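Reader: Hey, can you walk me through this one? I'm new to reading structures, so please keep it plain.

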Amino acid sequence: MSSTPLFKPDPRLDLVLERFIDAPRELLWTALTTPEHVRQWFTPKPWTVSDCEIDLRPGGLFRTRMQSPDGKEVNDRHCCYLDIVPNERLVWTDALLPGYRPSGDPFITAVISLQPEGKATRYTATAIHRDEATRKNHEEMGFFDGWGTVADQLAAYVKGI
Amino acid sequence: MTAATIPQTASPNIPPIDGIFRALSDPTRRRVVERLNRSPASVGELAHPFDMALPSFIEHLKVLEGCGLVRSEKAGRVRTYRLAPEPLMLAENWLAEQRALWERRLDQFDEYVLKLKEKGK
């Protein structure tokens, strides 16, 4: 599916990650859109997804309840699907709650696009962030304990604008 | 370096990163930051490349200083600006952390999908 791109990444705020994986995109789609599968990969270890709900339709709920290893910290995110093209594109945001009700704490719109390459798949994950992102970021700090930082981001951040 | 140990949002006040992003949303101010990335400079040196009235330019410098991105010192009649590294680190770490999250997430996704593929055979 091709059309004029809606989105131009802002290097100060957004991430575009492209990957190639030797698996058919139908399988990626299943892993992206089925709660039992999402629970297995969505949250960086050692955090886990303790609950996941998916109502796969535009306006439907995408909920992931993530928790720290000791269970004390919890990040329960209620997102809303915006666009669903099976095996091609999945878009959700936390700027809206299910049923398109505006949320009080918008932070991200995520876009996953899948393109077949033979029996394999090239896919792109795009994270479009709101710039007043700090509060939510703070909630997610637990994920980052002990993670290294990416030093050359500074150059990209200042120069890539 | 660990990103997580920097108490970037420990303050209950308005998080400084908002002001940083706002300050950097303007092309003139970004160019000033780029310039100061090389070395400290006086107001005159900073203003030189811009076709802009000095008072307007100084307003930009005030915004940058107000959010803590730059600092200035006056020696005699010359005010010299320099980049304050800490706030840029905050901004840097913020995006770096988002990237780290997604890299990790997609690593796990790939691994899991390949596992599913193996099972399906």
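Author: With that, B:Pro40 is in the loop between H2 and E1 of chain B. This is a predicted model, where local features need pLDDT of at least 70, side-chain atom pairs count only at pLDDT 80 or more, and totals for chains, interfaces and linings use all residues. Residues are numbered from 1 along each chain as its sequence is written, while chains are lettered from A and ligands numbered from 1 in the order in which they are written.

Reader: Ok, is B:Pro40 exposed or partly exposed?

Author: B:Pro40 counts as partly exposed, because it has 16 C-beta neighbours inside 10 Å. The cut-offs: a residue is buried if 20 or more other C-beta atoms lie within 10 Å of its own, exposed if 12 or fewer, and partly exposed in between, with C-beta atoms placed from the backbone.

Reader: And which residues is B:Pro40 in contact with?

Author: Leaving aside neighbours within four places in sequence, B:Pro40 is in contact with B:Thr80, B:Tyr81 and B:Arg82. Contact here means that the C-beta atoms of two residues, placed from the backbone, lie within 7 Å. B:Pro40 and B:Arg82 are 42 residues apart along the chain, yet their C-alpha atoms are separated by 4.4 Å.

Reader: What order do the strands of the chain B sheet have?

Author: The order is E1-E3-E2, in an open sheet of 3 strands with antiparallel pairing. Strand E1 (41–42) and strand E2 (70–75) of chain B are at the edges with a single partner strand each, so one side of each has no neighbour in the sheet. Two strands pair if DSSP finds at least two bridges between them.

Reader: How many bridges are there between E2(B) and E3(B)?

Author: There are 6 bridges between E2(B) and strand E3 (residues 78–83) of chain B, which pair in the antiparallel sense. B:Lys74, for instance, stands opposite B:Arg79 in E3(B).

Reader: Which helix packs on that sheet?

Author: Helix H2 (residues 27–38) of chain B does, touching E1, E2 and E3 of chain B. The direction of H2(B) makes about 90 degrees with that of E3(B). For these angles, axes are lines fitted to C-alpha atoms, for helices over the stretch in contact, and angles run from 0 to 180 degrees between N-to-C directions.

Reader: At what angle do the axes of H2(B) and H4(B) cross?

Author: They cross at roughly 70 degrees and come within 10 Å, with helix H4 covering residues 54–66 of chain B. So H2(B) is roughly perpendicular to H4(B). The cut-offs are under 35 degrees for roughly parallel, over 145 for roughly antiparallel, 65 to 115 for roughly perpendicular, and oblique for the rest. Where they meet, B:Thr28, B:Arg29 and B:Val32 in H2(B) face B:His60, B:Val63 and B:Leu64 in H4(B).

Reader: What about B:Val43, where does that lie?

Author: B:Val43 lies in helix H3 (residues 43–47) of chain B. B:Val43 is partly exposed, with 17 other C-beta atoms within 10 Å. Not counting residues up to four places away in sequence, B:Val43 touches B:Ile58, B:Leu61 and B:Arg79.

Reader: Switching to chain A. How many helices and strands does it have?

Author: Chain A has 4 helices and 7 strands. From the N terminus on, the elements run β-α-α-β-β-β-β-β-β-α-α. Buried residues make up 26% of the 161 residues in chain A.

Reader: Which residues of H1(A) are buried?

Author: In helix H1 (residues 25–33) of chain A, they are A:Arg25, A:Leu28, A:Trp29, A:Ala31 and A:Leu32. Seen down the axis of H1(A), they fall within an arc of 165 degrees, so they line one face of the helix. That arc is taken from the directions from the helix axis to the C-beta atoms.

Reader: Last one: where is A:Tyr100?

Author: A:Tyr100 is in the loop between E5 and strand E6 (108–117) of chain A. Although A:Tyr100 is not a glycine, it has a positive phi of about 70 degrees. A:Tyr100 counts as exposed, because it has 10 C-beta neighbours inside 10 Å.

Note on methods
Helix = DSSP H or I, 4+ residues; strand = E, 2+ residues; numbered from the N terminus.
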